[in-house]
Amino acid sequence: MLFVTVYGPELESLFYYIHKYAQREGSISREQLYSAYLPQTTSPQKGQTKNVEDAISYLKAAKLIEGDKDSFTTQPDVDVSLPFAVVLLHQFRQLEDISTQIPRIDLLYITLLDQLYITPNQTWISDVHAAANQLGLAQQIGGLSQEKIGAWKRVMEFLGLGYRMGSGFYCLYRPELLQTVLERWPLGEGTLQEFFERYLQSWLPCLTGRGEVAQPAAYALEYLAQQGSIDLHAKQDSPSRPYFGAHHLRGIKVL
């Protein structure tokens, strides 16, 4: 399950540790993970292994690792050369494609960002717990606890999607996260409509319910343009959809 008590850094550490070990040995046992992450404990008890077990559970639910109760390895089709945040975000989008095959609570985890922030085009929610439990899917599964929402917010912040503030969460994509995704865009230049609909959306949600670029993504892209990392321009001769309000921008180029 994705709604476990994790923080983010341990997910990254465990994922790459499993991958490195599995490359050499084929897989890594649960006991070997305990030995690496609980070095002071010769015979760990259940309470002492909870953090490791929660991280394993999360990585398995995200389909980043696979294995039985005794040994694990990384999924073969995961690009481990990418930063972990980008790997996990892309995996979320892959899971949405098989939404009927994953638990409904995990589907809720990966759609909270879209349903609460991106589709309605807002950056700030003062009480994420209350807002999340108003969603139909949350009500269908019996609601989400404060603890589960707290864990979700921690991971979202770790991934570079915003900032926790008390009971609230301010959604703002970090420019360096989008920069990493932009650098992998095969075209490197084209219309914003093509970039958003055919590329960026495959990595993380960025379009509102009306098809406009959502503020959390727009602010980060405008910052990258100001820093000279990308060029956003009018592209007057293009019949494609314009973005960024009155600026009516239609083109993008990675510099």
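The following conversation goes through several local features of a predicted model.

Reader: Where is R250 placed in this model?

Author: R250 belongs to the loop that joins β8 (230-233) and β9 (251-254).

Reader: Is R250 buried or exposed, and which side chain of opposite charge is nearest?

Author: R250 is buried and has no salt bridge. The nearest side chain of opposite charge is that of D237, at 8.2 Å.

Reader: And which backbone oxygen lies 3.5 Å from a polar atom of the R250 side chain?

Author: That is the backbone oxygen of S238.

Reader: What else is R250 in contact with, leaving aside neighbours within four places in sequence?

Author: With those neighbours set aside, the contacts of R250 include G190, T191, L192, H233, A234 and K235. S240, R241 and P242 are also among them.

Reader: Changing topic to salt bridges: how many are counted?

Author: The count comes to eight salt bridges. One of them joins the side chains of R93 and E96, at 2.8 Å from N to O.

Reader: Where do R93 and E96 lie?

Author: Both residues are in helix α4, three residues apart, which is about one turn of the helix.

Reader: Why does R93 count as buried?

Author: R93 counts as buried because its relative accessibility is 13%, and the limit for buried is under 20%. E96, with a relative accessible area of 21%, is partly exposed.

Reader: Which residue forms a salt bridge with E194?

Author: The partner of E194 is R198, and their closest N and O atoms are 3.8 Å apart. Because E194 and R198 are four residues apart in helix α10 (residues 192-199), about one helical turn separates them. E194 is partly exposed, at 26% relative accessible area, whereas R198 is exposed, at 68%.

Reader: What about R24, which residue is its partner?

Author: R24 forms a salt bridge with E25, with 3.5 Å between the closest N and O atoms. R24 counts as exposed at 53% relative accessibility, and E25 counts as partly exposed at 48%.

Reader: Now the aromatic rings: how many aromatic pairs are there?

Author: The count is 17 aromatic pairs. In one of them, the ring centres of Y16 and F84 are 6.3 Å apart and the planes meet at 70°, so this pair is edge-to-face. The pair links distant parts of the chain, since Y16 is in helix α1 (residues 9-25) and F84 is in helix α4, 68 residues apart.

Reader: Are Y16 and F84 buried or partly exposed?

Author: Y16 counts as partly exposed, at 23% relative accessibility. F84 is buried, with a relative accessible area of 1%.

Reader: Which residues do ring pairs link into a cluster?

Author: The cluster consists of W185, F195, F196, Y199, W203 and Y243.

Reader: Next, the sheet: in what order do the three strands come?

Author: The open sheet has the order β4-β6-β5, with antiparallel pairing. Its edge strands, β4 (124-125) and β5 (162-165), each pair on one side only. β4 is joined to β6 (residues 168-171) by two bridges, and the bridge partner of I125 in β6 is F169.

Reader: Finally, where is I102?

Author: I102 is in the loop between α4 (84-97) and α5 (104-118). I102 is buried, at 10% relative accessible area. Although 101 residues separate I102 and M1 in sequence, their C-alpha atoms are 9.5 Å apart. Apart from neighbours within four places in sequence, I102 is in contact with K63, L95, L107 and I110.

Methods: Residues are numbered from 1 along each chain as its sequence is written. This is a predicted model: local features need pLDDT of at least 70, side-chain atom pairs count only at pLDDT 80 or more; totals for chains, interfaces and linings use all residues. Side-chain values use heavy atoms; hydrogens and water are left out. Buried means under 20% relative accessible area, exposed over 50%, partly exposed in between (1.4 Å probe, protein chains only). Lys and Arg count as positive and Asp and Glu as negative; His and the chain ends are not counted. A salt bridge is a side-chain nitrogen of Lys or Arg within 4 Å of a carboxyl oxygen of Asp or Glu. A polar contact is a pair of N or O atoms within 3.5 Å; within protein, one must be able to donate a hydrogen and the other to accept it, and residues adjacent in sequence count only if both atoms are side-chain atoms. Contact means heavy atoms within 4.5 Å. Two strands pair if DSSP finds at least two bridges between them. Rings of Phe, Tyr and Trp (its six-membered ring) pair if their centres lie within 6.5 Å; planes under 30 degrees apart count as stacked, over 60 as edge-to-face and the rest as tilted.
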